[in-house]
2 protein chains.
Amino acid sequence: MNDTFLKLDKEKQQRIINAALLEFAEKGYKYASTNEIVKRAGIGKGMLFYYFNSKKELYYFLVNYCIDSVMEQFVGKIDTSITDMIERLAHISYLKLKYFKENPEISHFLVTFFLKETEPLPEELQKKYERMFQIGMDKVYVFNQIQYDSFRDDIDPKKAVQLIEWMLSGYQRDFMQKYQGKGIDDIPLDELWNDFDEYLQILKTCFYK
Amino acid sequence: MNDTFLKLDKEKQQRIINAALLEFAEKGYKYASTNEIVKRAGIGKGMLFYYFNSKKELYYFLVNYCIDSVMEQFVGKIDTSITDMIERLAHISYLKLKYFKENPEISHFLVTFFLKETEPLPEELQKKYERMFQIGMDKVYVFNQIQYDSFRDDIDPKKAVQLIEWMLSGYQRDFMQKYQGKGIDDIPLDELWNDFDEYLQILKTCFYK
DNA sequence: ACGGATATTGACCAGTGTGGTCTATTTTTG
DNA sequence: CAAAAATAGACCACACTGGTCAATATCCGT
């Protein structure tokens, strides 16, 4: 990775990164085209290789970039002090949706990355990726004291948690499908959070004592 | 479409169809490779074009083939006499999972088809596709008499239905992710349906009066 | 204002893979 | 046994690939 790239004004950097994220997201590593990337980024072909040396290095840079972003803007923001189960899961959902809205290109790239990607990462990067995953999992699922006591007695709380997670991920998926591709500001956020809250209320009414 | 293809023994036909479905599923119309298809199907290059004339015709044939299959093996089997809301939705889920298990290649192809595909269909085929969708929707959602009365009075039944659908689709997604790629018979079905039933019971306990 | 360094472009390269054709061969059939 | 149908795969022109590099534009210290 050439320093020159880092010295670019942020707007141009972003343009290049987003163009590359989009191309890799759409086609996966192998079939992504560097020609397409430079065209979308509006730079000369030579520059991409001046900045990144090779397609592979560019790809690694992006993965690393995404990990850092997710760690900072998602994992790092998880509030582990919330002890109510539903509130905790809803908090996670909220952060995920917020992240998706604020970083649609990265989100798109990451979805492709861990659903389809077959290209291996260099060991170090792979480790970093797994570490992020582990930290995320811990923050989401490890309560100091798992609080199952608020659930009704006539259901298996573990299954209930699973059901609730499914519902929240359903809400997320609908959200993403609906607003993918739309500009950040076209999304009527207040309305959506209200809606989301109503669903949460129902969950509490139905699953808690 | 050449008649010769239809006269082939079923096994060879299936091999070709599945090879093509897989390739289109993985890469989408534009980037699918006919070379890859013939290699996977174990036939000479010429034959594919002898049977189907062009990549495009092959693709249309597959779409049509999938529609017919889904109509017969999924939509056609929906039992519209089930009036209990949760039972009805669960019935649909059950049929979907069964279809997925019995037709993994078609399922894979169809997922790509309506999530990513940009290649347009000829008018007639497009209409047929939309008709299938419409009939499916009607069968799933149009009850002669929508029965909201079994839901508890303190929740909005429409939102509840939405939540239940999300849960079921979550179960489906987990199922598919877990068993995609595995042979049909490796799946411990009885176990899974029992599990599924337990989730259903919880839903009824929680959402019904 | 100059000149060396740095940044940038895009024509160009060899190589690979494309959809599709066609001839030569094998298999089927009457 | 010959005419017809089915099959294989070498071959085609072409599009596109990741990457290079010489030419040029821009910047910056003097």
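How many residues of chain B are in contact with residues of chain A? In this predicted model, 17 residues of chain B are in contact with 17 residues of chain A, two residues being in contact if their C-beta atoms, placed from the backbone, lie within 7 Å. Residues are numbered from 1 along each chain as its sequence is written, while chains are lettered from A and ligands numbered from 1 in the order in which they are written. Because the model is predicted, local features need pLDDT of at least 70 and side-chain atom pairs count only at pLDDT 80 or more, whereas totals for chains, interfaces and linings use all residues.

**View 1. Chain A as a whole.** Chain A comes to 10 helices and 0 strands, where helices (H or I, at least four residues) and strands (E, at least two) are DSSP runs numbered from the N terminus. The C-alpha trace of chain A spans about 65 × 40 × 30 Å along its principal axes, and buried residues make up 25% of its 209 residues. A residue is called buried if 20 or more other C-beta atoms lie within 10 Å of its own, exposed if 12 or fewer, and partly exposed in between, with C-beta atoms placed from the backbone. The mean pLDDT of chain A is 93, with 97% of its residues at 70 or more; pLDDT is the predictor's confidence in each residue, from 0 to 100. The model scores ipTM 0.92 and pTM 0.93.

**View 2. The side of chain B that touches chain A.** Helix 9 (157-179) and helix 10 (189-207) of chain B each supply at least two residues of this side, and helix 9 of chain B gives the most, with 8 residues. The residues of this side divide into 11 nonpolar, 3 polar and 3 charged, where Ala, Val, Leu, Ile, Met, Phe, Trp, Tyr, Cys and Pro count as nonpolar, Asp, Glu, Lys and Arg as charged, and the others, Gly among them, as polar.

**View 3. The largest nonpolar core.** This core has 38 residues, and those with the most contacts inside it are I164(A), M167(A), L203(A), I164(B), M167(B) and L203(B); a nonpolar core is a set of buried Ala, Val, Leu, Ile, Met, Phe, Trp, Tyr and Cys residues joined through C-beta atoms within 7 Å. Helix 6 (85-102), helix 9 and helix 10 of chain A, together with helix 6, helix 9 and helix 10 of chain B, each supply at least two residues of this core. Leaving aside residues up to four places away in sequence, M167(B) touches L163(A), W166(A), M167(A) and L203(B).

**View 4. Helix 7 of chain B.** The buried residues of this helix (residues 104-115) include P104(B), I106(B), F109(B) and F113(B). What covers the buried residues of helix 7 includes helix 2 (10-31), helix 5 (55-73) and helix 6 of chain B.

**View 5. The surface near DNA strand C.** Of the 18 residues around DNA strand C, G44(A), G46(A), S33(B), G46(B) and K55(B) come nearest, a residue being near a strand if its C-beta atom, placed from the backbone, lies within 6 Å of it. The largest share of this surface, 4 residues, comes from helix 4 of chain A, and by class the surface has 5 nonpolar, 8 polar and 5 charged residues.

**View 6. The surface near DNA strand D.** Among the 18 residues that surround DNA strand D, the closest are S33(A), G46(A), K55(A), G44(B) and G46(B). Helix 4 of chain B supplies the largest share of this surface, 4 residues.

Note on methods: The expected span of a helix is 1.5 Å times one less than its number of residues.
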